[in-house]
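Work through the exercises below with the model open. Try each task before reading its solution.

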Amino acid sequence: MKLAAGHHLYPFPDGTWRAAGPGDVFLRVAGPPEVVADLRDRLLAGGDGSLTGPVPVDPADAAAPLVGVLREHGVLVEDPAPAEATRRSPRLHVDGDGPVARLVAELAAGWAEVRRGPLDEAAVRDADVVMACAGWLPDAAWRRLGAWCGRHGTAWTRCHAEGLGLFVGPLTVPGRSAGYTDVRSRRLAAADSPDELLTLWAWLDRPGQPHPPVTWPARGVIAVAAGLMLGDVERWWATDELPDVDVQWEIGADGVVTRHPVLPLPVVAAPVTTAGAADAGPARSASTRAAVPSDAVPSDVVPHAAGVPA
């Protein structure tokens, strides 16, 4: 039993006690102040907010009713299961040599087994998560990377520069969340001039072209991008949970963050043969979480400006 994350148990000036939690939730803790004080001291003595000694359950123990009430209100929670508490560190392959890649690798050191170096299919197969940090959008390389990750079940996320800002995510877990193909297709569908985008991406993909250097934003903006990128990975690795709606983050040169929800592409039925039987089976997008007809996508889900990714 331990104090829930983000909660505090503290004395009030009138001698009573309070519990405070996220979202400015405050609870008045009834009971003898000395019993509450003793319980608080036992929680703090654990170092991580865990109770030292056995959890009081005997009705004769004055702290037992208090523990029951605090557990009911979410102030106290069970300790994580041993398997969860000892979950191994992820193998994290950071691709790229720009400032975002360097900062992400630095932030992840000590939490993950960070790997650098050439990114090929063998490296993808051997990683738990790939974090692709690019300059200008590498469209062909990311389509290839998405195929490798889908083939080997490797999660991946990405960051690239565009204009004066940066774009991050969404985190792609194959079969569970939106991938680069979804982002790319939604953006082309929303663009006023999709041919212009395709031509630009093709030109950026050509080696040896006189591409201008990336205008990297200030260090604080780079830190925001790196933090958002790594934060998505940390939450998923710790909980195996993904958001209900995938989000790509746009970080402007001024540090303002804009959320762009990304819906996965809908399930597309395979063509039917003349004999009336389906071919090899339905072709599916990277996500099986939701199959939404394209004409049912809300207008606010995909930005309509050609310069803003979905």
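This is a predicted model.

**Exercise 1. Find the bridge partner of Asp-246 in E12, and say how E11 and E12 run.**

Step 1. Locate strand E11 at residues 246-251 and strand E12 at residues 257-262.
Step 2. Check the direction: the two strands run antiparallel, joined by 6 bridges.
Step 3. Read off the partner. Asp-246 bridges to Val-262.
Step 4. Inspect the turn. There are 5 residues between the strands, and Gly-255 in this hairpin has a positive phi near 90°.

**Exercise 2. Which residue of E3 stands opposite Tyr-10?**

Step 1. Find E2 (residues 8-11) and E3 (residues 17-21).
Step 2. Note their pairing: 4 bridges, antiparallel.
Step 3. The residue opposite Tyr-10 is Arg-18.
Step 4. Look at the link. This hairpin has 5 residues between its strands, and Gly-15 takes a positive phi near 100°.

**Exercise 3. Give the strand order of the open sheet of 7 strands and name its edges.**

Step 1. Trace the order: E7-E6-E8-E9-E10-E11-E12, with mixed pairing.
Step 2. Pick the edges. E7 (113-115) and E12 each pair on one side only.
Step 3. E6 (residues 91-95) joins E7 through 3 bridges, and Arg-91 stands opposite Glu-113.

**Exercise 4. Why does the end-to-end distance of H6 agree with its 14 residues?**

Step 1. H6 covers residues 139-152.
Step 2. Look just past the helix: Gly-153 takes a positive phi of about 70°.

**Exercise 5. Which residues of H6 are buried, and what do they pack against?**

Step 1. Apply the cut-off: buried means under 20% relative accessible area.
Step 2. List the residues that pass: Asp-139, Trp-142, Leu-145, Trp-148 and Cys-149.
Step 3. Find their neighbours. The buried residues pack against helices H5 (121-125), H7 (180-190) and H8 (194-205). They also pack against strands E8 (129-136) and E9 (155-162).

Technical notes. Residues numbered from 1 in each chain as written. Predicted model: local features only at pLDDT ≥ 70, side-chain atom pairs only at ≥ 80, totals over all residues. Heavy atoms only, no water. Expected span 1.5 Å × (residues − 1). Buried < 20%, exposed > 50% of the residue type's maximum accessible area, 1.4 Å probe, protein only. Contact = heavy atoms within 4.5 Å. Pairing = 2+ DSSP bridges.
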